[in-house]
Each structure stands twice: as C-alpha cells, then as structure tokens.
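Me: I am new to this structure and would like to know what the terms rest on. Could you take me through it?

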Amino acid sequence: MDKLSIDGGFRLEGQIRISGAKNSALPILAGSLLTAEPVIISNAPHLHDVTTMIELLACLGVGVSLDERMNVEISAHHLNDLCAPYSLVKTMRASFLVLGPMLARYGEAEVSLPGGCAIGSRPVDQHLKGLECMGAEIEVSDGYVRARAPKGLVGNDIYMDVVTVGGTENLMMAATLAKGVTKIHNAACEPEIIDLGEFLRTLGAKVTGHGSPTITIEGVEKLHGGSYRVMPDRVEAGTYLIAAAVTAGKIRLRDVEPDTLGAVLDKLVQAGADIEVGEDWISLDMHGKRPKAVDIETAPYPGFPTDMQAQFMALNVVAEGTSTIHEKIFENRFMHVHEMNRLGANIELHGVSMAVVHGVEKLRAAPVMATDLRASSSLVLAALAAEGTTVIDRIYHIDRGYETIEEKLQQLGAQVRRVS
Ligand code: UD1
C-alpha cells in the first residue's frame, strides 16, 4: 500500500495550476446519461473517483473514450443495463447520482444503496423523497433502490428537509426530462450546483435559479449533445493555500475561480495571510509569519465548507492562539484529530462535533494513517509543518481527490516522496 513520506519544515514557495473539480466532474459525468448524443467533458481531473464514475458508465453500456488531455467523450446512445451494482457504488457514494438521470430517461433504474462511510451515515432519503414527489415508485430492498416511472416523471414542487448537494443534483438531473415544471426549494447553492446547471443548459435543459435556494427546471422531451469544461476545484485550491500558510510561505494558484472560495479566503485573511486575487488566480503570502488561530463553523455554501474543515484544523494546530472548530454537516469528521495529536498537536474533542485547538509552536514527525479524503490532506499539511520525516499510510484516500499531489507539492519546494 502506497505511503507518502514528507520531510517537513520547509517554506513552500512557487506557482501551481489547479485541476478541474472532482465534485463537479462526477455529477456532470452522471448527467451525460440524460442524452443519446455525444457529450465531451474537458478539464476532468485525473483521479480515482473520476475513473470509478467512468467505469460505472461503461458498465451501464455507455461508450467512453479519453484522450491524452483527459477530455472525456461519452456516448450514452444505448444502455445495456439499468443497474448500478454494489461493487461500484460502495467505493464511491457519488455513484448514486446515476439514479436520477437513468430514471428520467428510461423510466426505470436500479442503484445500490451507498451505505455509510467513514465520515458518517449519509442517508439518501432526500433523493428518494424528491423522486417520489415527481411520481416515481420506489422500492428499497436487498440493499438496492429500485425506481420506476413507466409513464415518465412529472414536475412538482419539492421541499428539501435538509440542504443536500447530491440530493439537489440528482433531482435537478431527473427534472430536466420530467413533464412540466419542477421547483426544488431549499436547494444546495454550492458552485458545483451552478456548474451542473450550466452543463445541463448546454445540453438544452431549461434550468434557472441554480446557485440560489430555489431551482426551477422546465422539463423538455429530450436533451442534445454538447461540450462542457468542468470548473476548477475550490477544495484543492484551498488546500494548497493552507500548505503555504502553515509553512509561512508564498504561493500563486492559476486556473482558479476566486469567487467560489469566499469563506475560505476570509478565514485565511483572518489568519494573517496577505491575499490577492485576479480573475483566475489567487496569491497568498505569509511574509514568513506563523498563522493566527481562527474559529471555524462548517455550513452549507456560502458558509464555510466542511470539505475544508480538516485542513483548517492543520492550520490552527500550528497557529498562534486557541480556536474552536465546529463541524455541523457530518457527524464523524474528526478522525484526523488523533493522528494530528500524534504529531504533537494539542486538540481536545468536546463531543463528536466540537474541537478546541491550542496552537503549538512546533509539530514533530510521527507515523500517521489517512482515514478519509480530506483527513488525509490535513495530515499532509501537518506533516509539511512538522520537523522531521512523517510517513502517512493509506494514502490511496488522497488519490481520490488530489491530482498528482506529490508533483504539485514538489513544484512548491516540498520534500515529498511516494513510497510503497
Ligand atoms: C457532497 C460532496 C462532499 C461534501 C458534501 C457537503 C460530492 C461528490 N461530494 O457530498 O465532498 O462534503 O457535499 O458539502 O459532491 N443528507 C440527508 N439526507 C439525504 C442526503 C444528505 O440527511 O438524502 C445529509 C447528510 O447526511 C449530511 C448533509 O445532508 O449530513 C449534507 O450531505 P450532502 O450535501 O448530501 O453531501 P454529498 O452530496 O454526499
């Protein structure tokens, strides 16, 4: 099993390019099931999760080809299977996003329940409730969701009980081919929802209000093909900004959308970073200083993203002062805490959703283990700041979300090696 070996304590300095967003590429790839015509997706990141989604599409009978620049051409002209099996859904929860498109286009679909995952139970009740609201008959048995709408889905007003990104995406896609108008109320407003909405519009869908809490979709009979470029990954961008912040460094990111990082940039400024932004770039300079502790409370967009919580904990661990971190989206997203304490951090857990972090001047290397995607990246950040050589085990988690992480870190002057 691959590990990352990091010699910490070096100031990071330089410039890197940010890849396409994983959380945008996955729903967009699933959305290409909505049309029989070819769809070309560019700027998809080269990541395990993207490969899993491509494998799932291929398993359903979709023609998928990739060129050397990772442009993905998809032709869902004919599907030979309407079942997404457990073997693929269990490895990646976003596989559940094929349910809405398949049901909308074919009137039936069978998708394995994703089950729990390391960061919490993560139910899909809102996805199913919304589809039922559009007239689908849903049966859940033997670990599978079997959905049918033989006469097609029918638009309706859907009120989401909780703000869910995946739920909003599944329902948006399903509604594009429903009869009549669907309004999704209390919808997620994440930038990836806007990206999906724009992609669907490229295919001829009538979607408005995406990015606001009420999304309106007027169903059309069919969608056509098209080309779409996936937005930049805001979580990857935020992670590298923190890599510079925890090493008192200086960094410039290219190919980013600064507007999608508002809450994160605000916290970095509070932490003492000098930030400048342009249309598609962000620079951060710590002027050689240690960061200041910042309080964090996660919330749906435009609040502070849960996907950046672990990385900010890494910042607070080496910051000047004491901070609180309150995780309000997922119930079990503090698995990095014990590993960080092994590196000499001083973090107290108060229940399952609150942590108090007392910043320390120095971390010291120790063997640690990655437990989920964002927890892994926070350990990389802590290791960059620690004195000595930290070896992070189970690094496959990080390959799900960070394209060529060691190359990008090396470009910034970090001493990082992949070892087996
Ligand atoms: C997506 C992101 C993930 C991010 C999360 C929250 C992708 C591929 N993944 O995950 O990186 O951390 O948004 O920003 O885009 N919930 C329900 N019922 C449902 C659905 C969700 O109660 O039917 C709850 C979840 O348990 C969780 C909260 O809603 O507490 C938010 O989850 P959700 O937004 O759905 O996360 P994902 O779409 O799975």
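Reply: Strand S4 (residues 63-66) and S5 run antiparallel and are joined by four bridges. This is a predicted model, in which local features need pLDDT of at least 70 and side-chain atom pairs count only at pLDDT 80 or more, while totals for chains, interfaces and linings use all residues. Residues are numbered from 1 along each chain as its sequence is written, and side-chain values use heavy atoms, leaving out hydrogens and water.

Me: What makes S4 and S5 a pair?

Reply: Two strands pair if DSSP finds at least two bridges between them; S4 and S5 have four, so they pair. Strands themselves are DSSP runs of E with at least two residues, helices are runs of H or I with at least four, and both are numbered from the N terminus. Within this pair, Val64 stands opposite Ile74 in S5. The hairpin of S4 and S5 has five residues between the strands, and there Met70 takes a positive phi near 70°.

Me: Which strand is joined to S5 by three bridges?

Reply: That is strand S3 (residues 39-42), which runs antiparallel to S5. Here Val39 stands opposite Ile74 in S5.

Me: Why is Phe199 called buried?

Reply: Its relative accessibility is 0%, so Phe199 falls under the 20% limit. Tyr228, at 13%, is buried as well.

Me: How do you know that the rings of Phe199 and Tyr228 are edge-to-face?

Reply: Rings of Phe, Tyr and Trp (its six-membered ring) pair if their centres lie within 6.5 Å; planes under 30 degrees apart count as stacked, over 60 as edge-to-face and the rest as tilted. The centres of Phe199 and Tyr228 are 5.8 Å apart and their planes stand at 70°, so the pair is edge-to-face. Phe199 lies in helix H7 (residues 191-202) and Tyr228 in strand S14 (residues 226-229), so the pair ties together parts that are 29 residues apart in sequence.

Me: Why is helix H10 called mostly covered?

Reply: In H10 (residues 309-317), nine of its nine residues are buried. Among them are Gln309, Phe312 and Val317.

Me: Which residues are closest to the ligand?

Reply: The closest are Asp125, Thr164, Gly166, Asp307 and Ile329, out of 19 residues that surround the ligand. A backbone N or O atom of Ile329 lies 2.6 Å from an oxygen atom of the ligand. Taken alone the ligand exposes 740 Å², and the protein buries 85% of that. Helix H5 (125-133) and helix H6 (165-175) each supply at least two residues of the shell, and the largest share, three residues, comes from H5.

Conventions:
Buried < 20%, exposed > 50% of the residue type's maximum accessible area, 1.4 Å probe, protein only. Near = heavy atom within 4 Å. Polar contact = N/O pair within 3.5 Å; in protein donor to acceptor, adjacent residues only side chain to side chain. Areas by Shrake-Rupley, 256 points an atom, 1.4 Å probe, with all protein chains shown as cover.
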